[in-house]
Amino acid sequence: MSRVRDHLLACTALGTFLLLCVATNGCKKEEGGARGKTLVTLGAVLPLTGEVANWGKDSSNGVDLAIDEANRRSAKYTFRVAYEDSKGKAAEAVGAVRKLVDVDKVVGIIGDNISGPTVAMVPVADAAKVPVISPSASSPKLSGMSKYFFRVYPSDTAEGGFMAEVAATKLGLKKVAILYINNDFGVGLRDVFSKGFTAKGGQIVSAQGYNEDQTDFRPYLTRVQEAGPDGIYLAGYYKDGGAILKQARELGINARFLGSTTHEDPQLITIGGDAADGLVYPYSTGYDEDSADKAVVDFNTAFKTKYGKGPGLIAALGYDCASLLVDAIEARGPSGETIRDFLANTKGYHGATGEITFDESGDVHKPILLKTVQAGKFVVWKP
Amino acid sequence: MGSILVAAIVSGSIYALVSLGFALAFRISSVFNLAHGILLVTAGYLNYWLAVQHGLSPWISVPTSLALVGALGLTIEAVLIPAAKTAGLKPVDLLLLSWLMLLIVQDVLAIAFESQSIYVGASQVREGWAVFGGRVTPLQALIVATSILVGAALFLIIRRSATGQEVLAVGDDPRLAMICGLNVKKIIGLNAAAAALLTAGAGILMSYQERLDPTLGFRFSVIAIVSTLIGFPLGPAGAVVGAYVLALFETLVLYVVDPGLRDAAVYAGLFLVLVWTYRRSLVPPEG
């Protein structure tokens, strides 16, 4: 009998505890922010761990800065961000969005940095009518995928097409091999580049896709070497890019290497060493840290004050995402539909990454700069 | 063809060090320790943490990593496994427990290093030397030389030295070895430390050659098991032969069939070896 009583007591205690948790969580939402302001929760699904954790952390730094500024300035709202780690994986991103929508009741979501998780999570947010704004996902699949999806980073159709033009005309390459990562980003870039390059009379002599966890690229490089290309286009990220450049040099491959904006990260140099020198890649973000534009100058100053270091591209993109959501809420209120309408009508917004205008597909169009790696530094390319 | 040969020899050398470590430990414990591969990964990550994140010279980071992972291996093989056996756990139980240990350590490394792969490479990259139509870098040559020298030294120690004979004796029958006056615990400890050092050394060498990932441990445990089984009829040095055979098979699959089939090649090797050893035990020898 005492065992039954103990069992009942334990169940009652557990049940009460769970009830308290739910009630407290609900109350927190209804209480409001500081000094009678309405508390608004935004969500962020970013790769805070995993192979592109640098991007996730940089974006979150930019987001946090924007939220701090908004909270100092806003008379009506207190903003907070609920972060979820996508780990750079689609399944994690989907779970994260469900939790943000169902539990945290977010009114807008920032994320993901990379295309695979973003493609997976957009339909979930769309069904819940929650706007998503991505700092750097670039797959062409995302264009027009949902009327609730926007991005402050151009689609690969811009970058891939641009590099095809550069390869064929500026660099005079005739035969190019492609090494691409097997995900939405890599496949998208491969397709856009191939189409553009062959339209200019070039030949794609080899296209090798590798898995995300690949570390030894020698079998791929040997096949590419046998195809005899004069250029090799890398459609992947900085870690695999660095490894490919290093191993290609070791194998004696002398082709011209072309890359993507995603290769601009210090880890490319750490892994690739001096083999990274000479890589030519597009910088298609519109971000210019030396710009005299007030929005850029103010952002750079505020970032350095808060973090003691320069921001970089990814932090600036995260900042713009958060700032746009905050401005939408200030202008139209904290509802998914009104935020979406504000974003859809955004024209000529001056952000930390330059001028932002969303087209009917939720995409932005920004000027593209050609850059290269020279003596371990990322510099503007002068042919 | 030259590229395939060079790639097989380099991979085989890493596999040989890991497999030799496993075979030494297996000789005494008779346990398929799936946690063996975590010694390789842990050594690589520890060396990275000391050399890259704390800026220590390799003359300090490498011996420190070897010593710490050696102690971990000794704890697993000389303390935990014997204690589990004394407690009455069966080989299947030990296999499962070792797999759980692998998962735990893997997750700890993933949390500690934010699920990122690591690399301890040099900033200067040079074209490899042309060898048999392939290319070999100085680091790869060092890996091959280390594997050959260590393998040869170990073979001589096992076959020609008193300590080596004691290890074989304890492996054959620990109770009889004890009755004959051998210090069984000390021999098990020495053997476990040697096994761990071999595998840790492979991990450290790999971290200078390419990126290491927390989840690589299981793959290298399987490589060690497959290599040991292939070379089992040849005695302790058989794991080395098995390692090169497996590496050649894997390299042929990567270069001739598809470069994305690395894991599939290793697991196919495991499947074939298990079928082969199963058939050998079912079909009695003639006569």
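These legends describe close-up views of a predicted model.

**View 1. A five-strand open sheet in chain A**. The strands follow the order β2-β1-β3-β4-β5 (chain A). Their pairing is parallel. Look for the edges at β2 (77-85) and β5 (149-151) of chain A. Each of these edge strands pairs on one side only. On average, neighbouring strands of the sheet are turned by 25 degrees against each other, direction ignored.

**View 2. Helix α11 of chain A against the sheet**. This helix spans residues 313-332 and packs on the sheet. It touches β1, β2, β3 (109-111) and β4 (132-134) of chain A. The direction of helix α11 makes about 165 degrees with that of β3(A).

**View 3. Strands β1 and β2 of chain A, joined by bridges**. Strand β1 covers residues 38-46 of chain A. Nine bridges join it to β2(A), and the two run parallel. Find L42(A): it stands opposite V81(A) in β2(A).

**View 4. A β-α-β crossover in chain A**. Strand β6 (residues 175-181) and strand β7 (residues 203-210) of chain A run parallel. Seven bridges join them. Y180(A) stands opposite G209(A) in β7(A). From β6(A), the chain crosses through helix α6 (residues 184-199) of chain A to reach β7(A). This crossover is right-handed.

**View 5. Where chain B meets chain A**. Here 23 residues of chain B are in contact with 26 residues of chain A. On the chain B side, the elements giving two or more residues are α1 (2-29) and α10 (238-257). That side has seven nonpolar, ten polar and six charged residues.

Conventions
Residues numbered from 1 in each chain as written. Chains lettered and ligands numbered in written order. Predicted model: local features only at pLDDT ≥ 70, side-chain atom pairs only at ≥ 80, totals over all residues. Contact = placed C-beta atoms within 7 Å. Helix = DSSP H or I, 4+ residues; strand = E, 2+ residues; numbered from the N terminus. Nonpolar A, V, L, I, M, F, W, Y, C, P; charged D, E, K, R; others polar. Pairing = 2+ DSSP bridges. Right-handed = clockwise from strand over helix to strand, strands pointing away. Axes fitted to C-alpha atoms, helices over the stretch in contact; angles between N-to-C directions.
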